[in-house]
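Please read the points below alongside the sequence and the model.

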Amino acid sequence: MPAKRTRRRRVPAALLAPAIAGLVFLILPLLGLLARAPWTELPARLAEPEMLAALRLSLLTATAATALSLCFGIPIAWLLARGEFPGRSVLRALVTVPLVLPPVVGGVALLLVFGRNGILGSWLHERFDVTIPFTTTAVVLAMTFVSMPFLVVSVEGALRGADIRFEEAAATLGAGRWTVFTHVTLPMVAPGVLAGAVLCWARALGEFGATITFAGNFPGRTQTMPLAVYLALQTDPEAAIVLSLILLAVSVIVLASLRDRWTAAP
């Protein structure tokens, strides 16, 4: 039998013009960033101590925030996907609030909890003389707060799509709950965990609002790359462009690595 030909669909004229305008709006700023980049000075710019310090701090804190998100986010995702308890929908809404909450508001909320006069911060300061705001630890906490929901949503979706019969079969063969979770459940949802971790890391790397509110902007201690971009834009626009290029490159790499999971056509 002859192969069935797919009929090419024409885009309605009423949709073509706004689609092109939207594409231009989204792509033109990126092309402008590439066009204005100081390519000849790029190696020297990247070797500057301030840029290296901001890059190093961003990579370390984003990785630490991702590790924390994995430790706490996977159990939360399992609870939301498999748990049966009153108020689960409310809990899911609270967990995903940072996705839509302005990051500055998140920074203020963290400050009210972990500040010296905060709910937990005052106790930590009085009992252990520990101050969290405006430290590198505050950067990690701010990144974790805004990025963990990406991991939770991804892992919860993977858990809901996993075939529970494999877990039930392992349980009937005598495997304990922890063994079932580590040897059956986690391997099944590993792609979702990986995708969520990558998205979480990328979101943490680009965090700005909660960080500057809760951790401040101190070079070498709390000044991450987005904060360095903000500061450099006022005094050295070329340095801001170089830092923006790095963040743009990371974003493109992340989207390319997740293409098969998030953007591939069914």
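1. The protein chain has 14 helices and zero strands, where helices (H or I, at least four residues) and strands (E, at least two) are DSSP runs numbered from the N terminus. Read from the N terminus on, the elements run α-α-α-α-α-α-α-α-α-α-α-α-α-α. Taken along the principal axes, the C-alpha atoms fill a box of roughly 70 × 65 × 35 Å.

2. On the basis of the note: this is a predicted model, in which local features need pLDDT of at least 70 and side-chain atom pairs count only at pLDDT 80 or more, while totals for chains, interfaces and linings use all residues. Residues are numbered from 1 along each chain as its sequence is written, and side-chain values use heavy atoms, with hydrogens and water left out.

3. Helix H1 (residues 13-35) has 23 residues and spans 32 Å from its first C-alpha to its last, close to the 33 Å expected at 1.5 Å a residue; the expected span is 1.5 Å times one less than the number of residues. H1 bends by about 30° at Ile27, with a proline, Pro29, following within four residues. The bend is the angle between axes fitted to the seven residues ending at a residue and the seven starting there.

4. Helix H7 (residues 136-161) has 26 residues and reaches 37 Å, close to the expected 38 Å. At Ser147, H7 bends by about 40°, and Pro149 follows within four residues.

5. Which helix packs against H3 at an angle of about 150°? The partner of H3 (residues 49-82) is H12 (residues 225-235), and their axes lie 8 Å apart. Axes are lines fitted to C-alpha atoms, for helices over the stretch in contact, and angles run from 0 to 180 degrees between N-to-C directions. H3 is therefore roughly antiparallel to H12, a term for angles over 145 degrees.

6. The contact (heavy atoms within 4.5 Å) involves Ala54, Leu55 and Ser58 of H3 and Met225, Pro226 and Ala228 of H12. Its residues divide into five nonpolar, one polar and no charged. Here Ala, Val, Leu, Ile, Met, Phe, Trp, Tyr, Cys and Pro count as nonpolar, Asp, Glu, Lys and Arg as charged, and the others, Gly among them, as polar.

7. An unreviewed UniProt entry annotates residues 55-258 as "domain: ABC transmembrane type-1"; such annotations may be inferred rather than shown by experiment. Over residues 55-258 the chain is 79% helix and 0% strand.

8. The stretches listed by UniProt as "transmembrane region" (unreviewed entry) include residues 93-114 and 134-159. Residues 93-114 are 91% helix, with end C-alpha atoms 23 Å apart. Residues 134-159 are 92% helix, with end C-alpha atoms 37 Å apart.

How values were computed
Angles under 35 degrees count as roughly parallel, over 145 as roughly antiparallel, 65 to 115 as roughly perpendicular and the rest as oblique.
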